[in-house]
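Please keep the sequence and the 3D view at hand while reading.

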Amino acid sequence: MPLLEVEGLDVRFALRQGEVQALRDVSFSLERGERLGIVGESGAGKSVAAFALLNLISRPGFIHAGSIRFDNEELTRYSERQWRRTRGNRISMIFQDPMMTLNPVLTIGAQMIECLRAHRRISTSEARKLSLARLRQVQIPSPEQRLDQYPHELSGGMRQRIVIAIALLLDPDLIVADEPTTALDVTIQAEIMALLLELCERHNVGLILITHDLGVVSQVTQRMLVMYAGRVIESGPTREIINDPQHPYTQGLINALPQMTPPGQRLNQIRGSMPSLAHIPSGCAFHPRCDFAQLPDGSPRPGCRAQVPPFVDSGNCRVACHMVRQMQQLDLEEATP
Amino acid sequence: MSANHAIATDEAAPLLEIKGLRKRFSLSAGLLDQLRFRGGRLVRNRKYVHAINGVDLEVLRGEALCVVGESGCGKSTVARTVMGLISPSEGEIRYRGERIDGLAPRALLPYRRRMQMIFQNPYASLNPRMTISQTLQEPIRFHHPDWERRRVEEKVVEVMEAVGIAPDWGKRFGHEFSGGQRQRIAIARALAVDPEFIVADEPISALDVSIQAQVLNLMMDAQRERDLTYLFITHDLAVVEHFGTRVVVMYLGTVCEVAPTAALFATPRHPYTRALLSAIPRLSDHGVERVRLSGEVPTPVELPPGCVFHGRCPIANERCRREIPQLARHGDTLIACHAVEEGRD
């Protein structure tokens with residue numbers, strides 16, 4: 001049985017100009033100790049998905065429908081009390097900006113001890129000892145000294161290491177990391193990512209990694225989801241999606257990377273930009289930017305414009321695209337004369 | 001164009017030369033705060049951020065020179081000093097052989113038309129109270145006060161079309177556009193006065209992947225069509241590999257390595273360049289072996305003695321801790337490293 005099972009998740013925001021659907025029918029699952037990447041550009045809904053997992057969607061946002069099962073318990077029916085016991089304990093999180101996670105007026109030690117003592121019945125000195133051990137695990141130099149320092153005294157990379165130490169403090173089953181290295185420099189990013197990967201493997205912790213960086217996803221995760229305008233459009237093993245993407249948007253995203261074109265030549269750009277959630281195109285939300293959805297005369301293909309594409313299986317991946325479905329039907333017809 | 005006769009036109013010489021550039025920013029407050037009693041005597045104690053510590057660079061005509069490095073390495077300070085937005089503490093900047101650092105604003109005017117800048121954050125670089133066409137007309141009016149209105153408007157339409165923004169959107173304001181569109185408008189504003197040299201400070205870092213490709217394509221098209229020279233500041237090495245003709249790698253305010261792009265990516269020489277290249281998250285799983293760096297970038301307030309990189313360098317020795325390495329030519333490449341010079345890299 002999977003550790004986490006999300007089905008038909010639908011998150012909406014009630015705004016003055018009407019209801020906006022930020023997540024539409026998002027489903028995925030995660031095995032114990034598995035690492036899943038959620039990829040997409042800004043506005044794709046990947047952060048909303050992470051926040052929904054932790055019940056951090058606040059008004060005017062709300063979970064309209066869907067279920068989130070974690071270790072066989074339905075999280076969407078949790079009370080605030082139950083959430084308090086779960087968050088930071090069995091599911092913990094790492095956000096992009098460590099300064100948002102850390103309290104600027106408390107020392108590192110005070111925050112770690114507070115977190116431990118909120119969930120476990122242990123003495124302050126025991127908690128301090130445990131915090132020290134975790135700081136050593138994330139390879140922070142002179143950890144004793146750090147416990148008595150304030151977040152502003154540390155560099156960005158060091159802060160993010162501390163956030164990781166806090167996330168691992170209570171041996172969680174799942175860590176949700178929302179762009180954990182985006183604010184850091186490349187060499188520091190590489191160090192932090194290697195550390196996170198190693199710790200997740202050693203402690204058998206599941207990881208949901210939300211990022212826009214395809215390189216990071218391909219190095220850290222085993223499976224991935226690609227999101228566009230609030231929907232999952234492709235999911236499957238990371239290697240297979242990176243090497244052979246099926247959805248035109250995933251293909252476009254990978255082909256747009258500078259390393260996919262010989263130096264000096266024009267890059268393969270995707271035209272247009274991500275629609276705002278208030279104005280999501282009908283049918284397949286990607287159709288105005290998709291080459292396949294264009295008929296030779298330039299008008300959109302009626303099927304793509306009218307109908308939301310259902311998921312079809314393609315190898316080990318699932319893809320929501322009319323083109324992929326049509327190709328499969330053609331293949332089938334050829335195979336059965 | 002009458003104002004520009006004074007500028008020399010030697011085609012072979014570098015377009016821009018930077019020599020011995022230093023820039024430090026004072027961290028200390030006023031004079032009274034700097035005074036301290038130490039050992040019974042009054043001493044003045046001043047602290048500085050040493051943002052650039054002796055940078056020599058040449059930008060050749062028609063090239064796209066990329067400056068890469070991590071935050072705090074001084075790459076943006078180089079860009080801003082070149083544009084005259086901040087004045088250097090030491091050193092000189094020559095444009096077509098003429099010194100432009102420390103020029104009076106009026107004397108700088110003809111250079112300002114030839115040199116334009118694109119900033120990182122298109123949300124901050126467009127005036128929210130001006131329409132797009134006002135934004136684009138302003139630099140043209142400023143540099144060509146003799147142009148009649150019709151000519152200014154025609155020019156605005158031309159640059160808007162060049163960057164793929166429909167000219168009838170000119171009546172709109174900046175906030176009505178997406179990040180990618182705003183960056184196109186910022187590029188249009190730079191192109192509006194027909195510059196020959198553009199300094200772009202992280203122009204695509206704030207944009208999404210698919211939009212980054214659009215903006216990079218636009219900049220490459222503009223370079224071909226308008227014969228532009230770029231000084232491109234970025235931290236993204238994948239972009240450098242694609243866009244740059246030559247690359248300058250900076251660390252803590254000094255230049256580590258200057259090389260033609262292909263050579264740098266094929267055979268990085270400086271230990272920092274190697275670590276930087278190996279840290280890029282690649283799509284393929286069989287990647288280069290990672291050069292792991294220990295520690296973090298030291299603060300630019302108290303610079304380490306010797307080579308600024310020695311604290312994190314895997315092959316540093318006694319000499320590196322003592323003596324500052326100078327840029328030396330190795331084939332097409334300039335490297336500042338004792339280890340490379342001694343052949344123990």
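Two strands are said to pair if DSSP finds at least two bridges between them, and the elements themselves are DSSP runs numbered from the N terminus, with helices being H or I runs of at least four residues and strands being E runs of at least two. The model is a predicted one, in which local features need pLDDT of at least 70 and side-chain atom pairs count only at pLDDT 80 or more, while totals for chains, interfaces and linings use all residues. Residues are numbered from 1 along each chain as its sequence is written, and chains are lettered from A and ligands numbered from 1 in the order in which they are written.

Burial is judged by counting C-beta atoms, placed from the backbone: a residue is buried if 20 or more others lie within 10 Å of its own, exposed if 12 or fewer do, and partly exposed in between. Five of the five residues of β7 (residues 174-178) of chain A are buried, so this strand is largely enclosed by the rest of the structure. In a regular strand the side chains alternate between the two faces of the sheet. In β7(A), Leu174(A), Val176(A) and Asp178(A) point one way and Ile175(A) and Ala177(A) the other way, and all are buried.

**Backbone features in the loops of chain A**

Most residues other than glycine have a negative phi, and most peptide bonds are trans. A cis peptide bond joins Arg59(A) and Pro60(A), with omega about 5°, and Pro60(A) is found in the loop between α1 (46-53) and β4 (61-70) of chain A. Asn72(A), which is not a glycine, has a positive phi of about 70°; Asn72(A) is found in the loop between β4 and β5 (73-74) of chain A, and it counts as exposed because it has 9 C-beta neighbours inside 10 Å. Gln139(A), likewise not a glycine, has a positive phi of about 55° and is placed in the loop between α5 (124-137) and α6 (143-147) of chain A, where its 13 C-beta neighbours inside 10 Å make it count as partly exposed.

**Two helix pairs**

Helix axes are lines fitted to C-alpha atoms over the stretch in contact, and angles run from 0 to 180 degrees between N-to-C directions.

| Helix pair | Angle | Axis separation |
|---|---|---|
| α7 (156-168) and α8 (186-203) of chain A | about 10° | 10 Å |
| α4 (132-143) and α6 (179-191) of chain B | about 25° | 8 Å |

Angles under 35 degrees count as roughly parallel, over 145 as roughly antiparallel, 65 to 115 as roughly perpendicular and the rest as oblique. α7(A) and α8(A) are therefore roughly parallel to each other, and α4(B) and α6(B) are therefore roughly parallel to each other.

Two residues are in contact if their C-beta atoms, placed from the backbone, lie within 7 Å. In chain A, residues of α7(A) including Ile164(A) and Leu168(A) meet residues of α8(A), among them Ile192(A) and Leu195(A). In chain B, Ile132(B), Thr135(B), Leu136(B) and Pro139(B) in α4(B) meet Ile185(B), Ala188(B) and Arg189(B) in α6(B).

An open sheet of four strands in chain B has the order β4-β1-β6-β7, with antiparallel pairing. β4 (48-59) and β7 (98-99) of chain B stand at its edges, each with a single partner strand, so one side of each is left without a neighbour in the sheet. Strand β6 (residues 90-95) of chain B pairs with β7(B) over two bridges in the antiparallel sense, and Tyr95(B) stands opposite Glu98(B) in β7(B).

Helix α2 (residues 75-82) of chain B is mostly covered, with six of its eight residues buried, including Val78(B) and Val82(B). Gly84(B), which follows α2(B), has a positive phi near 80°.

**Where the chains meet**

The contact takes 30 residues from chain B and 32 residues from chain A. On the side of chain B that touches chain A, the elements giving two or more residues are α7 (209-226), α8 (237-243) and α10 (271-278) of chain B, and α7(B) gives the most, with eight residues.
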